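Please look over the complex below. Some questions on confidence, fold and individual residues come after it.

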Amino acid sequence: MRTFWQKFIDFLGSFELAFALLVLLGLVTFVGTMDQQNLSLYDVQKKYFESWIVTSPVPMFGGRLLLSVFFVNMIVGGIVRIRKGKSTLGILISHVGIVALLFGSFIEDQFKTEGQLTLWAPERFSDINGNGVFDPGERFLDSNNNGRFDDGESGAQYRDPDTWEVAVTELMPTGAAREYVVPQEHFEKLEDGGSTRYQHGQLPFDVVLSGYARNARPRPVTAGEARDGIGLGGFVLASRPAVRAGERARNWPGLVVTLQPKDGSRAQATLLCKSASESQGIIPWPVRMGERRFQVDLRNRVWDLPFRVRLNRFVHEKHPGIQMAKEYSSYVTKFQGTRATDLHITMNEPLRHEGYTLYQSGWGPPPEIDPNPSRLYSTFSVVANPSDQVPLWSCLVIALGLLIHFMRKLVLHLKAESRRRTPKPQGEMA
Amino acid sequence: MRRATLLLAPLLAACALLAACGQGEETHEFSDIRDRTKPRSTVPPNITAAQRYGYRDPRAMGPHGGDPHGGNPHGGDPHAGMAGMGHGGTMGAGAKPFTWKTPEGWEEVKGSSSRDGSWRVKGEPQTDISLSKLRGTGGGTLLNVNRWRKQMGAADLDQAALDALPKLKVLDRDAVYVNIPGRYGGGMGSKGASIEDARMLGVVLTLPTAAIFVKFTGPSKVVEANQAKFEQLVASIEMAAHGGAAPPAQPAPKRGGLPSFTWTIPESWEQRKGRMGRVVTVAPKGAKETDCYLYLLGGDGGGIDLNINRWRGQMGQKPLTPEEIAGLERVDALGTKAVLMKAGGAYGGQSGENIQGATLYGAVILKDSYLLTVKMRGPASELEGEWDNFVAFLRSVKEK
């Protein structure tokens, strides 16, 4: 008599489950692709592929759940329980490759960070002697009118325009700052209600986040709301439908932040949201607690690079007579400690250093905005992905396994054919 | 397949239960803590919630709100990292609020009453250059840039495209600079006919209390040839110093919610034209590159240490420790002790000024509701022997 667990293990490693998972993966991919008509690429990824369950437009399993179960199915059925021998060697190797690929995607899902770093190039100058260096006597376009030649901008942080974070910054008397950061994945679930409390031994207050909205603006309370005591400081957060523009959503989130002092004194609360003024974004909230000064901000997610990059020159060349780009190139200097290294980043030659990859991804201002810019900027996509080489190696392993398997099949087939074509010895006539 | 379906059903139910969780309050420890040598941005400590939301103070407008782009009585451009301009009334009615230097080859012309300055290129009647300001934000930068683009028959920009536009300094602040080719259909109140091959140069500076516009339209070739002059004009715009000759003691303009001041100018000094945000600017007579000014910040204005070390940073000096600052000279001023500092070196100011061999005298007065700074900087040769005058000027400042 087989126990429940034996049956369960059989099921986990079964062909039927693998088949069902592949069908469901196909389904979620199809629906997710179709939903890109309504959602941004980022939102589709979050909703269909980085989720456990999808509730609308039809309830279905999310990509994260399906791939997790598929990972287990592959290990149980494709590696542990598979019949091992010469005939299954290639298949076994391919399964190892698939498991490695799935594990790599898990690592990427958990640890990958991605964002943008935009740097302005130096001001343009008349390079009389063609040495690429601004020399005394050469003329330059003083784009910011400050009377001096400005070198290219340098930066050591990259910003993800798609995700947000709440940062509680303590402004130290020395001018330094310490940031206590809550990432978006912690507070975005508050869209449906509830609150989350954050604590730290060195903070004189607890931080409570609530009332998150993906796209919101402040509005003054109505007379009725004021009578009913609704609103914070005379304002409420008015939700707007989430919008999409191109592949990236252009939403301004908002939430309620409450600081609850540990000494039991009165809590302070505010809305963090975009200013109603077109030209302003989300303006941080300054708070004083005794002698200590803080700022609470809702901002795009920011990561630090372990090195600094300065843009020395940006090259933008077109093919003769047409608008097609021939080359986008950035000549940069990487500073780390006391070392400075000159490097060249172009479309298919990213800068790879210490697990970070900087790809040439954009430039500007575009001609339709400024036909004769006095200064150009270059935008790099920055990716930190500890498993960025895993897909390559996994695919090589899978290819090797399939090659072994099909070569063996071919050899067996050829042998069988050879045997079939070899004339059988004729029996003697009776 | 039936077996698979049966076993997947409880998994789905478990997921649904998990998804339903999440209501109520969870508690977490902060795990992502980052130390920085300086904050990524700072806002004035006295900024109100209404100002952060882009509204007037609700106490002034009542529960129904009002003009979302209204003025900002307490001032403060949060993105400038300091209290900045504002303090309504600086740009008073009546006298023109700006001064400028008309570029060679241009002439001033009489413009409409809504303009603060109006010019054209000599011999080019189709050109039109204007300077104007609006109270409030004038609808915001994006709206105005797109209004101009419409006048040129160009498509609207979105916020990201606006952010990518180049900047030009106006009154020491970064203003959006547009350069739009197209067919000019005429702006508000335009009397001229449309121009086919036209170009528009424009600068928009949006502040919490005001929006400032400088615009140049005309035939494309003429505008291109005069682009550098347009940028010269923009760079030369300054706030006008009203009040004429300085009497021995003068009241400062009233700043919303903050005190006004009087002061006595030393005999060998004179009052100069100020810049946006300053209470008053004075300087030794004959000193060309030196000025001394009072600057008022609400709240603690960043505190004494931050201001002292900010000035030291402008002089290329290392910051002082709190103990070293505690040891700085102090004098009586405004009923408290003003902290004094001197520094020498190469001065690099926020607006790009650069003075080699400079001297900086500074004083910080921290009161309960505001912080007043007195700063004097210029070439060491011009400041020689002026320390006593600086201290006398500082001590003469009184609340009105």
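The questions and answers below go from model confidence to the sheet, a helix and single residues.

Q: What ipTM does the model score?
A: This is a predicted model. Its pTM is 0.51. Its ipTM is 0.73.

Q: In chain A, in which element is confidence highest?
A: Chain A has a mean pLDDT of 86, and 93% of its residues reach 70 or more. Confidence in this chain is lowest in helix α7 (residues 223–227), at a mean of 73. At 95, it is highest in strand β5 (residues 177–183) of chain A.

Q: How many contacts does the model have for residues 57–95 of chain B, beyond near neighbours in sequence?
A: Chain B averages a pLDDT of 73, with 70% of the residues scoring at least 70. Over residues 17–22 of chain B the pLDDT stays under 50, and the model has 1 contact for them beyond four places in sequence. Over residues 57–95 of chain B the pLDDT is also below 50. Beyond near neighbours, the contacts of this second stretch number 107.

Q: What share of the residues of chain A count as buried?
A: Chain A holds 8 helices and 18 strands. Of its contacts with a separation of 6 or more, 56% link residues 24 or more positions apart. Chain A has 430 residues, and the share that count as buried is 43%.

Q: Which strands are the edge strands of the open sheet of 5 strands?
A: The order is β11(A)-β10(A)-β7(A)-β6(A)-β1(B), with mixed pairing. The twist from one strand to the next averages 20°. An edge strand here pairs on one side only. The edge strands are β11 (268–272) of chain A and β1 (25–29) of chain B.

Q: Which residue in β1(B) stands opposite Thr196(A)?
A: Strands of a sheet pair through backbone hydrogen bonds, either parallel or antiparallel. Strand β6 (residues 195–199) of chain A and β1(B) run parallel, joined by 5 bridges. Opposite Thr196(A) stands Glu26(B).

Q: How far apart are the end C-alpha atoms of helix α4 of chain A?
A: Helix α4 (residues 63–80) has 18 residues. At 1.5 Å a residue, the helix should therefore span 26 Å. The model agrees with this, as the end C-alpha atoms are apart by 24 Å.

Q: On which residue is the kink in α4(A) centred?
A: The kink is about 25°. Buried residues in α4(A) include Leu66(A), Val69(A), Phe70(A), Asn73(A) and Met74(A). The kink is centred on Met74(A).

Q: Is Lys274(A) buried or exposed?
A: Lys274(A) lies in the loop between β11 and β12 (285–289) of chain A. Not counting residues up to four places away in sequence, Lys274(A) touches Arg217(A), Pro218(A), Trp252(A), Pro253(A), Gln280(A), Gly281(A) and Ile282(A). Its relative accessible area is 7%, and the cut-off is under 20%, so Lys274(A) is buried.

Q: What distance separates the C-alpha atoms of Pro44(B) and Leu297(B)?
A: Pro44(B) sits in the loop between β2 (32–36) and α2 (49–52) of chain B. It counts as buried, at 4% relative accessibility. Pro44(B) and Leu297(B) are 253 residues apart along the chain. Their C-alpha atoms are separated by 8.1 Å.

Q: What is the relative accessible area of Asp163(B)?
A: Asp163(B) is found in helix α5 (residues 159–163) of chain B. Val176(B) is 13 residues from Asp163(B) in sequence and 8.4 Å from it in space, C-alpha to C-alpha. Asp163(B) is partly exposed, with a relative accessible area of 49%.

Conventions. Residues numbered from 1 in each chain as written. Chains lettered and ligands numbered in written order. Predicted model: local features only at pLDDT ≥ 70, side-chain atom pairs only at ≥ 80, totals over all residues. Heavy atoms only, no water. Helix = DSSP H or I, 4+ residues; strand = E, 2+ residues; numbered from the N terminus. Expected span 1.5 Å × (residues − 1). Bend = angle between axes of the 7 residues up to and from the residue. Buried < 20%, exposed > 50% of the residue type's maximum accessible area, 1.4 Å probe, protein only. pLDDT = per-residue confidence, 0-100. Contact = heavy atoms within 4.5 Å. Pairing = 2+ DSSP bridges. Axes fitted to C-alpha atoms, helices over the stretch in contact; angles between N-to-C directions.
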